[in-house]
Amino acid sequence: MSHFSYKNGALHAENLPLSEIARQFGSPTYVYSRAALVENFSAYADACRANGRDDKSALVCYSVKSNSNLAVLNLLGSLGSGFDIVSGGELLRVIAAGGDPRKVIFSGVGKSADEMRLALSHDILCFNVESTAELRRLNEVAGEMGKQAPVSLRVNPNVDAKTHPYISTGLRENKFGIAYEEALDAYRTAAALPHIRVAGIDCHIGSQLLDDAPLLEALERLIELIDRLEKEGIVIHHLDIGGGIGITYDQDKPVAVGDYLSRLFARIDTWRRLSYAGKPIQVMFEPGRSIVGNAGILLTRVEYLKHGAAKNFAIVDAAMNDLMRPAMYEAWHGVQPVQQRADGARVYDIVGPVCESGDWLARERSLAIEQGDLLAIMSAGAYGMTMSSNYNTRGRAAEVMVDGDRAHLIRKREDAGALFALESVLPRG
Ligand code: LLP
């Protein structure tokens, strides 16, 4: 169910008119629905329970990069979520939000020694290691600290996720993970390193997947590998299948999370009966977009309408620096007027004030709008605010979370002064 819907021609977030949010907090503003976040997280948690898993045998580690606002992390943490991070900064966010570092897994191809130290000092659950060079560095850092680092190797199962090439990560030519053919050797190396403890195996094949077939194919590859490792005496305690389930932006029909998880758990259960004699393996997920994507919109105001012979433009106060996805991936986001008008629809390109032709949010949309109207850019909860920048010295948008009929400001609008506060001019003379 959508938590952004029209009531008497006015678009609401839960029970609050978006016009009221613009009145209170201005625009552009990211608006999130608390109920939508709870519902989307629960789809994972409920499916784990329905398939006989408890908090120990399945763990959802929300992918922080998709939306890292403290209020979002705090809410998901309170629902029992763990966290998938990709930087020391994200770990500090999780901790600041009250999240449990012992439920944190650390992904990413380029972890620095400092980041490793920080994560080890907080006793995170696992490092998802992406190369043998990284294994060696982690072994050294853990050794200096007198610790053993829990490790999972990110294996590249070489399956085609059939998604946008920029967000497809499971193919041999991607920079991510350890090639499937090299994984056995990498595990042997890991098992022999004194300050490394082999804990699990992971993969992540891409994002915005509509079908779960590639994920189930990746699972098969991981199962094969776990069986081979076990024969060598290397025991894998958890299997992390990554994130990747897509959402509806336009006509997309993503697989239901519950259906995907049922198929995944069913396969794991038959396999365990066959080869693990009922020994439990913890299952982990790293979803981002499917939890926050449709739980957020970007609220923006029409500054000017420009009607031309070739095109009509609606110039709005949000821009590519606020929402990069259209400029970067030609991503499609729905655009809905906050107050519906009966007539006067024309076809518009929705563009921002930034000085780039690539600064567009949507193209060729039929809209009945006037200067000063508010628009909602839909499905903007994931990879919206987190990918925003200060290009053109534009302060980042405010963020608001709606709970029922109440709006909470969860990030203030950035003011220009803060944008150059860290800069200085050369000394005179
Ligand atoms: N785990 C790992 C290791 C990842 O690299 C990612 C996303 C996730 C989990 C979460 O994937 P999700 O469930 O959100 O699909 N900026 C792009 C998406 C980049 C995805 C990067 N990795 C976009 O706006 O579409």
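Here is a short chat about how some terms apply to this predicted model.

Me: What kind of model is this, and how are residues numbered?
Reply: It is a predicted model, where local features need pLDDT of at least 70, side-chain atom pairs count only at pLDDT 80 or more, and totals for chains, interfaces and linings use all residues. Residues are numbered from 1 along each chain as its sequence is written.

Me: Why is residues 132-144 called a helix?
Reply: A helix is a DSSP run (H or I) of at least four residues, numbered from the N terminus. Helix 6 has 13 residues, so it passes that cut-off.

Me: Which residues of helix 6 are called buried, and why?
Reply: They are E134, L135, L138, N139, V141 and A142, because each has 20 or more other C-beta atoms (placed from the backbone) within 10 Å of its own.

Me: How do you know that strand 2 and strand 3 pair?
Reply: Pairing needs at least two bridges found by DSSP. Strand 2 (residues 10-13) and strand 3 are joined by 2 bridges, so they pair, and they run antiparallel. Within them, H12 stands opposite P17.

Me: What makes strand 1 (4-7) and strand 3 (16-17) edge strands?
Reply: In the open sheet with order 1-2-3, each of these two pairs on one side only.

Key. The expected span of a helix is 1.5 Å times one less than its number of residues. A residue is buried if 20 or more other C-beta atoms lie within 10 Å of its own, exposed if 12 or fewer, and partly exposed in between; C-beta atoms are placed from the backbone.
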